[in-house]
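Let us walk through this structure piece by piece. Keep the sequence and the model in view as you read.

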Amino acid sequence: MPALTFNNVSKSFGDNTVIKAFNAEIHDGEFLVLLGPSGCGKSTLLRMIAGLSDITSGQLLFDKIVANDWEPKQRGVAFVFQSYALYPHMTVRENIAFPLIMDAFKKWYHLPIVNIVARHRLMRRKDISDRTLQMARQLELEPLLDRRPSGLSGGQRQRVALARALVRNPALYLLDEPLSNLDAKLRTQMRSEISALHHKVAKTFVYVTHDQVEAMTMANRIIIMDKGIVQQVDTPDEIYDNPANTFVAKFIGSPPMNLIPASIRPDGLKLAGQIAVAHDAAKPTRREATFGIRPEKLRLKAKGEGRLPARVSIIERLGAETVIGCSLVTDRKSDDLLIEQDLVFVRVSGNPRMQIGEACSVDYGAEDVLWFDSDSGERISLKSE
Amino acid sequence: MTASKIRSGMTRLVPYAFILPPMIYLMVFMFWPLGRQMYMSLTNTRIINPNRGRFIGLGNYQRLFDDPAFYLSLKATLAYAVLAVIFGVALGTISALAIDRPFKGRAIVRAILLFGWAVPNVAASLIWLWMYNDRSGVFNRLTEALGIGRFGWLTSIDLALPSILATTVWQVAPFVMLVVLAALQSVPHEVREAARIDGADGLSTFRAVTLPHIRPAIQLAALLVCVWSIRRFDIIYLLTGGGPVGTTSTLVVKIRQTAFENHELGMASAYGAIGLVLALAVAAIHCTVEQRRMKWMAR
């Protein structure tokens, strides 16, 4: 497996720079997820790894060898496209066998008639037909081998695309939002199948998605990108617990981390501009900062029992848990309060008996609070302050 | 009858109301003349007295099949149509493939390539007539400059059909190019990229991805070029008038000659009926091939 290294890799389309000085290393055998909103440059990055897009500047190294100008075939990668990109006129068997046939294809097979004969003979060659069958069995496609893609369901097409990617036993698997065209149930199923496949083949997977659930459940490491710039590279747990900035804090987690503007005073805090809170734990030395806390770390209490007076604005009952959106009670007009970004979300287990408009309060543990710079959005390390 | 029942009855009639005008058009201008022509082919109608034709059964067809000129005409028609399809489709497809990729000046090249199709047939024939001119034509000037002498492009038995074909191909290839280009531009980009990842070179990608995708368009273009070639009159008549010695006298040219020079409308109708059968056979082959392809794809 090649170790992949990105040295200041950039990509521009005319004057529009979509990836800016990307630096990262992809380790052997890991499941790396490129995560970010649409248009952040993650698919472009994947295409540059595959050799489908040129690199404008910087270096991409395969095992410490500059591979910027290598042809896709030379890189030994497999690519699973968002649209599956199956060959529509070929059967499932021919689709899976195609990379193997191309590997065995000689230049003179291009001659008329020779081409047809050579392809048929290659399809029947024992090593190719055995490997095709093996892949089909592995992905439970054996009964579908003689069908064409138009007669398959989304999930089946997805599995054919995976089989085609796996058949050559490549060193690196590149997957570009492969589950985005599937329905929710099938997506969950295919998610676990891809994870199982990664464990089974023990090769490096680079997986592009904008779905944080896919990223969190499948990745060994996640690279979060925004506007072509890497925001954070870390394990899913670290990214969730210790986001590098407010973008990551808001992008990961559903509902996202609560971010409340805070004025810091020697005796406590003033949150959302109005609510004075006693906060005896460590806090930033600057006067203004953003107070961040995950919804599950907040505690919903009866009116007057918690430090933050609030009113229930939204209740999302999910069965095992309930997400409650509360508006903090400030002096602002009530019309402004039902804007989602002004709400503080609390995740509670079970199905609490609460009603919209009900007065309540919210409390937190000081150890669960994360601090961010109000201007740059970067995380504030209390140790270094 | 309730108002809702009347409304529902009216709704059912709406589709028929929409297809009525084209049906009337087809009945008046297509099926009726076609029926008349088929009937006329069974009569000895002459142009001098067109309403006094006598029913003679298959007499015209019997004469037709006994006439060596008919076989010469049929041979010329088939040769002309088949070669026009082969060269027109090949040149059109190659041109489409060439201008499918972006390059500097592509818009200008595309406009130049389309020129042949944009020029009316009569104007195109006159341009080529001038180019084929024995004395002042550009081709003979060129061959003279090369030291291989002059040729009777439109008067030689060996060169007349190829010369007409060259003009025809110049006219139809841009049409084929447009049809194939439209198909090429709808080839999914990701499938081509998948083939590159799978290790296919340019030719293999073309065979595995591009060709199957554009095949229906090529097939359709071939059908149209074939039917048009069977029906084409203007270019052939203006360039050679069917000569020399009937080598370019296709069925359509023969129809004119039989109807307006020999004054035999019944016999000309029989020629027309043969042409119609040929065109229908080509269309039937196309439909069969297309149906098989659809079934094969759905398997």
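How much of chain A counts as buried? Of its 385 residues, 38% do. A residue is buried if 20 or more other C-beta atoms lie within 10 Å of its own, exposed if 12 or fewer, and partly exposed in between, with C-beta atoms placed from the backbone.

This is a predicted model, in which local features need pLDDT of at least 70 and side-chain atom pairs count only at pLDDT 80 or more, while totals for chains, interfaces and linings use all residues. Residues are numbered from 1 along each chain as its sequence is written, and chains are lettered from A and ligands numbered from 1 in the order in which they are written.

Start with chain A as a whole. Its C-alpha trace spans about 85 × 45 × 35 Å along the principal axes. Its secondary structure comprises 10 helices and 20 strands. Helices (H or I, at least four residues) and strands (E, at least two) are DSSP runs, numbered from the N terminus. Two residues are in contact if their C-beta atoms, placed from the backbone, lie within 7 Å. Take the contacts in chain A between residues at least 6 apart in sequence: 67% of them join residues at least 24 apart.

Chain A is assigned domain 1 (4-248) and domain 2 (254-372). Such bounds come from an automatic or database domain assignment. The C-alpha centres of the two domains of chain A lie 41 Å apart. Their contact takes 4 residues from domain 1 and 5 residues from domain 2. On the domain 1 side, 1 residue is nonpolar, 3 are polar and none is charged. Here Ala, Val, Leu, Ile, Met, Phe, Trp, Tyr, Cys and Pro count as nonpolar, Asp, Glu, Lys and Arg as charged, and the others, Gly among them, as polar.

Now look at the sheets. Two strands pair if DSSP finds at least two bridges between them. In chain A, an open sheet of 4 strands runs in the order β2-β1-β4-β5, with antiparallel pairing. Its edge strands are β2 (16-26) and β5 (65-66), each pairing on one side only. Within this sheet, β1 (residues 4-13) and β4 (residues 57-62) of chain A share 5 bridges in the antiparallel sense. A:Ser10 has A:Ser57 in β4(A) as its bridge partner.

Further along chain A, β11 (residues 258-265) has two partners to inspect. With β14 (residues 288-293) of chain A, β11 forms 6 bridges, and the two run antiparallel. A:Pro261 is bridged to A:Thr290 in β14(A). With β12 (residues 268-271) of chain A, β11(A) pairs antiparallel over 4 bridges. There A:Ala262 stands opposite A:Leu271. A hairpin of 2 residues joins β11(A) to β12(A).

Another open sheet of chain A has 5 strands in the order β15-β19-β16-β17-β18, again antiparallel. β15 (299-302) and β18 (343-349) of chain A stand at the edges with a single partner strand each, so one side of each has no neighbour in the sheet. On average, neighbouring strands of this sheet are turned by 45° against each other, direction ignored. Axes are lines fitted to C-alpha atoms, for helices over the stretch in contact, and angles run from 0 to 180 degrees between N-to-C directions. Inside the sheet, β16 (residues 308-317) and β19 (residues 359-363) of chain A pair antiparallel over 4 bridges. A:Arg311 is bridged to A:Ala359 in β19(A).

Next comes the meeting of the chains. The contact takes 22 residues from chain A and 19 residues from chain B. In chain B, α8 (189-197), α9 (202-231) and α12 (265-298) each supply at least two residues of the side that touches chain A. That side of chain B has 11 nonpolar, 2 polar and 6 charged residues.

Stay in chain B. The axes of α3 (residues 68-100) and α9(B) come within 9 Å and cross at roughly 145°. Residues in this contact include B:Ala84 and B:Gly88 of α3(B) and B:Ala222 and B:Val225 of α9(B). By class, the contact has 11 nonpolar, 5 polar and no charged residues.

Finish at α11 (residues 251-261) of chain B, where 8 of the 11 residues are buried. Among them are B:Leu251, B:Lys254 and B:Ile255. The buried residues of α11(B) pack against α3, α9, α10 (234-239) and α12 of chain B. After α11(B) comes B:His263, with a positive phi near 65°.
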